[in-house]
Amino acid sequence: MLKFNKSILFTLASALMLALVSCNSDEDFSEIITPPTSGETGGSGGSGDTGGTGGTGPIRPSNPDGVEYYRPKTSASNGTCNVVYEYMPAPGQFINELKTGGFNGTQTTLPAANDYAMARLKKNLFVSLGAFGGYIVVGFDHSIDNTGGYDFGIMGNMFKNSSEPGVVWVMQDTNGDGLPNDTWYELQGSETGKETTIQDYEVTYYRPTEPGQPVKWTDNKGGEGEIDYLKSFHDQEYYYPLWIEADSYTLSGTRLEARNFDQSGKGSYWVLPEYDWGYADNFSAVDRPADAPRMNKFNISNAIDKDGKPADLDFIDFVKVQSAVQSKSGWLGEVSCEITSVVEL
């Protein structure tokens, strides 16, 4: 966020700008989405080195060197993700929004939502993941090798004092069907294994009964709250994804402790400090390169299984980014991760 200035005009201009760039922004049917595909989910724990259209991908050929279903890079390979397999955000102020969010009102099915997200990423425009648990799953036209260093990067829209972290997961196509339905492994970060980090956190979001209403939620820890409706900034009728047919849906993953706070003490100046390393859309001093200040870099070697043990992956085929904080910042709205691209390094 920008440094505080007492000028009224500057404050108003800052408010408008921050509202655009920060996400921060009766029968019940429950759709459980945990994990985002039918595959087994890895977890978090331990510590380690710092170190468009939706649809199916190609069937993986066998690698002549014996690594089954490895897809080697060719001269025609693209270093940027080329398919969105699933775009499943949590509710948020940019979801369904026709202006800044880039929706057009026709995203009423998951394939249409996937197409929307892929088209945005191709143009390096942000895709919002909404509040806690919202995620996107992407793939490449070849396998991404574990080089022992940084292997891929995720672009976000963070800046100093405006970090909305996303936990990153990776998957190898071990069954060779070209779909992200195998085992997800979490990439550990600076918060992995801390008492303030919650594994297997679940949040259920409930469709509002009328337009212009907040989205209520409950979690598996006895908590409850709501995603505020901020008509002054985002006046679409619903922040609940239009392509979710059920009247509620549940998202699960690893939750990080919220760090956002109101520095002014009056609700006017919110700060969202960065986390040390290992997360998307995070103004890290460790994994954010000087020549690409809105990128975070990731090492496949940091992948861990559900017991916190190293996954020892030689390569990956799919990447998932998931909003990791359940919190909100007054007029800035919910803390939500945004990404603009996923690229091989």
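Biologist: In which loop is aspartate 287 found?

Modeller: This is a predicted model, where local features need pLDDT of at least 70, side-chain atom pairs count only at pLDDT 80 or more, and totals for chains, interfaces and linings use all residues. Residues are numbered from 1 along each chain as its sequence is written, and side-chain values use heavy atoms, with hydrogens and water left out. Helices (H or I, at least four residues) and strands (E, at least two) are DSSP runs, numbered from the N terminus. Aspartate 287 is found in the loop between S13 and strand S14 (295-298).

Biologist: Which side chain of opposite charge is nearest to aspartate 287, and how far away is it?

Modeller: Lys and Arg count as positive, Asp and Glu as negative; His and the chain ends are not counted. A salt bridge needs a side-chain nitrogen of Lys or Arg within 4 Å of a carboxyl oxygen of Asp or Glu. Buried means under 20% relative accessible area, exposed over 50%, partly exposed in between (1.4 Å probe, protein chains only). Aspartate 287 is buried yet has no salt bridge; its nearest side chain of opposite charge is arginine 288, at 6.6 Å.

Biologist: Which backbone nitrogen does the side chain of aspartate 287 reach?

Modeller: Contact means heavy atoms within 4.5 Å. Leaving aside neighbours within four places in sequence, aspartate 287 is in contact with residues including Tyr150, Trp277, Tyr279 and Lys297. Its side chain reaches, at 2.7 Å, the backbone nitrogen of glycine 278.

Biologist: What is the N to O distance in the salt bridge of arginine 259 and glutamate 191?

Modeller: Side chains of opposite charge can pair when their charged atoms come close. Glutamate 191 is buried at 4% relative accessible area, while arginine 259 is partly exposed at 28%. Arginine 259 and glutamate 191 meet in a salt bridge, N to O, at 3.2 Å.

Biologist: How many residues apart are arginine 259 and glutamate 191?

Modeller: The pair links distant parts of the chain. Arginine 259 is in the loop between strand S11 (248-255) and strand S12 (261-262). Glutamate 191 is in the loop between strand S7 (184-187) and strand S8 (198-206), and the separation is 68 residues.

Biologist: With which lysine does glutamate 191 form a salt bridge?

Modeller: The closest N and O atoms of this pair are 3.3 Å apart. The partner of glutamate 191 is lysine 194.

Biologist: Why does the pair of aspartate 228 and lysine 328 tie together parts of the chain, and how many residues apart are they?

Modeller: Their side chains meet in a salt bridge at 2.9 Å, N to O. Aspartate 228 lies in the loop between strand S10 (224-227) and S11, and lysine 328 in the loop between strand S16 (315-323) and strand S17 (338-339), so the pair ties together parts whose separation in sequence is 100 residues.

Biologist: What percentage of the chain do buried residues make up?

Modeller: The secondary structure comes to 2 helices and 18 strands. The chain has 345 residues, and the buried part makes up 55%.

Definitions and conventions
A polar contact is a pair of N or O atoms within 3.5 Å; within protein, one must be able to donate a hydrogen and the other to accept it, and residues adjacent in sequence count only if both atoms are side-chain atoms.
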